[in-house]
Every structure is written in structure tokens, then in C-alpha cells.
Amino acid sequence: MAAAGRPCQPGAVWFDGANAYTDVAVPASFRRLALPAHQVFRAMASARWSVLEEGWLGLAAARRAGKCRFYVVGQSVRLSKGLAQRAPDALMAGCVCRCRLQLVKVGNTSFTMKTLLTVMMPGEAEAPPLTAAGTLVYVFVDAETSQKTPIPPALKPALSAALAEGEDPGARPPRDAPAPDAAGPPRTYTTTLRPSDTDFNGHVNQAVHAQLLSDAMEAAQGAEPVLEHVDLQYSKEMNAGDAVQVRWWRAGPCVRFELVGEGVVHASGRATLLTDASL
């Protein structure tokens, strides 16, 4: 990753051409047998808002001024095997997640952003990098109707100027195996969403969706799953106090899941488990 020689400084934000960078402190919850995929979602979300609040793309200022609203409608994250299976004592205090963000596609109502996360390990300059790659799609919505709306004309020049050249705008990693058939009976897990699950938009943060899948599988299997790939599509927002049911189907390392509230599917997706056979 470019700027790898720059000293780690949690909270630092800097720019290099079409790339935006930031260092995110490694949470204590990273230092365990497996790096939970939902924590990678959170680290990437923290990185995005750090660079946006520093003025990247002009989006944060426009949102604060009430000129636009934009939501995540799709997100995919893939962890490297080295990161997914990291030993519990290896991610010590002082590690930093260095994130590089790029804008790779601008449409009429949406834009696509890629994030490459690398765990910067003190004293391991020559070690294989521990990385995760993520892609997400933001869509602009009308503040009153919450329906999709064109990107505000005042923002389009900044978005177009920041578009990375020569980057593959493919939004999701390849799907290695077919998802299990969702026609059979699912396993289920029900919980109530907490105020701490919400973000500045007032709805449940997109990282919580991945955490709910992890919680559901842990409750059923007695151990937290080691997920190397999570692909999520968001269709309806959830709020604190809502009861949500996680429905999931598994076939080998492949998982399909839905998050359902009052009979409505709020999000759906698929995931791939890291198994001994895949190491």
C-alpha cells in the first residue's frame, strides 16, 4: 500500500492524488483468535467518516448543511486468510489499521468506494501483510421521502474529479461457491436492537448487520464463526428498539442469511467461512 513508510498515527488523515488515507487504532476486540468480520466493517466505516469529515469529496459539509443525504445500500468485505486466522497474542497494543480509500465509480444517484485495510504491526515490516478489501455503494436519497434522488449538481464535479483512473470498479469479490438453497427451513436467532447500534443517521449502523450474523452463528454453534467474506445488501433501515430475526442457511463454508423485522426483509447477503480445508 502506498504511504506504507509513513509513521503510524491513529486519527491521522492525508491525501495522495485520488487516494485518501487514514490510520485507525486497532480495537481491543481485534486481539482474539479470529478478527471478526463485523469489526473490519466498523474499522472501514470509521476510516470513511474520518476522511469525509476532513473535507474529502465535500460530502460531510453538504450533509451537515442539509443539502443531501446518502446511505449505504450494498457492501462487501473480504479478509485475507492471514488476518482471519491471526493468533490472539499477535495483535498487540500499538497496532494500527491503515486504510486507503478510492472512489471507483460515480453514477446518476450513487457512487462506489473501495477500501483497502492493512494492519500495521510494529516490528513486522517484512511479514506478509494482514489485509482486508472492501467495496460499498452509497445512494443519495431525498430528505423527506427517503427515495433515491440524483447526486446534487454541486457535488458531481468533486466526485468526478476524485474518480480513480485505471481502477476496476467491480463492486464485489468473486463468489467462489454457490450459496445454500434458501428454500429449506433456516436456523433463526432473534434479538432487539439497542440505541448503541445506531449511527448519526438515526438508523442501525451497517456494521451491526454483519455482527448480527456472527451473533446468530455463535449462538447456534457455541463459537464465533471465522468469516473471510461477507456480502451485504441493505433494503430497509432498522432502528433501535426493533426486534430482528436473523435467518440463515449453511452448506459447507457457504452461508446465506436474511435480517427480518415484522415480516419484512431489511437486509440479506451471503458469507464464506474460513475452514481448515481452505487454509
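**Exercise 1. The aromatic cluster**

Determine which residues the ring pairs link into a cluster in this predicted model, and describe the pair formed by Trp49 and Phe70.

*Solution.* 
Step 1. Ring pairs join Trp49, Phe70, Phe111, Tyr138 and Phe140 into a cluster. The count of aromatic pairs comes to 6.

Step 2. A pair of aromatic rings is described by the distance of the centres and the angle of the planes. For Trp49 and Phe70, the centres are 5.9 Å apart and the planes make an angle of 15 degrees. Planes under 30 degrees apart count as stacked, and the pair of Trp49 and Phe70 is accordingly stacked.

Step 3. Trp49 belongs to helix α1 and Phe70 to strand β3 (residues 69–79), so the pair ties together parts that are 21 residues apart in sequence.

Step 4. Burial is assigned under 20% relative accessible area. Trp49, at 19% relative accessibility, therefore counts as buried. Phe70 is buried as well, with a relative accessible area of 3%.

**Exercise 2. The largest nonpolar core**

State which residues touch the most other members of the largest nonpolar core, and list the contacts of Leu59 beyond four places in sequence.

*Solution.* 
Step 1. In soluble globular proteins, nonpolar side chains tend to be buried together. Here the largest nonpolar core holds 64 residues, and Leu57 and Leu59 touch the most other members. Helix α1 supplies the largest share of this core, 9 residues.

Step 2. With residues up to four places away in sequence set aside, Leu59 touches Leu52, Cys68, Phe70, Phe111, Phe140, Leu155 and Leu159. Phe70, Phe111 and Phe140 are also among the residues of the aromatic cluster.

Step 3. Leu103, in strand β4 (residues 96–106), is buried with a relative accessible area of 0%. Leaving out residues up to four places away, its contacts include Leu57, Phe111 and Leu159.

**Exercise 3. Helices α1 and α5**

Decide whether helix α1 is roughly parallel or antiparallel to helix α5, and identify the residues that make the contact.

*Solution.* 
Step 1. Two packed helices are described by the angle between their axes and the distance between the axes. The axes of α1 (residues 37–53) and α5 (residues 206–221) come within 8 Å and cross at roughly 175 degrees. Angles over 145 degrees count as roughly antiparallel, so α1 is roughly antiparallel to α5.

Step 2. On the α1 side, the contact is made by His38, Phe41, Arg42, Ala45 and Arg48. On the α5 side, Gln206, Ala207, Val208, Ala210, Gln211 and Ser214 take part.

**Exercise 4. Contacts across the sequence**

*Solution.* 
Step 1. Thr272 lies in strand β11 (residues 264–273) and is buried, at 14% relative accessible area. Apart from neighbours within four places, Thr272 is in contact with Val226, Leu227, Glu228, His229 and Pro253.

Step 2. The protein has 5 helices and 11 strands, and 46% of its 279 residues count as buried.

Methods: Residues are numbered from 1 along each chain as its sequence is written. This is a predicted model: local features need pLDDT of at least 70, side-chain atom pairs count only at pLDDT 80 or more; totals for chains, interfaces and linings use all residues. Side-chain values use heavy atoms; hydrogens and water are left out. Axes are lines fitted to C-alpha atoms, for helices over the stretch in contact, and angles run from 0 to 180 degrees between N-to-C directions. Helices (H or I, at least four residues) and strands (E, at least two) are DSSP runs, numbered from the N terminus. Angles under 35 degrees count as roughly parallel, over 145 as roughly antiparallel, 65 to 115 as roughly perpendicular and the rest as oblique. Contact means heavy atoms within 4.5 Å. Rings of Phe, Tyr and Trp (its six-membered ring) pair if their centres lie within 6.5 Å; planes under 30 degrees apart count as stacked, over 60 as edge-to-face and the rest as tilted. Buried means under 20% relative accessible area, exposed over 50%, partly exposed in between (1.4 Å probe, protein chains only). A nonpolar core is a set of buried Ala, Val, Leu, Ile, Met, Phe, Trp, Tyr and Cys residues joined through side-chain atoms within 4.5 Å.
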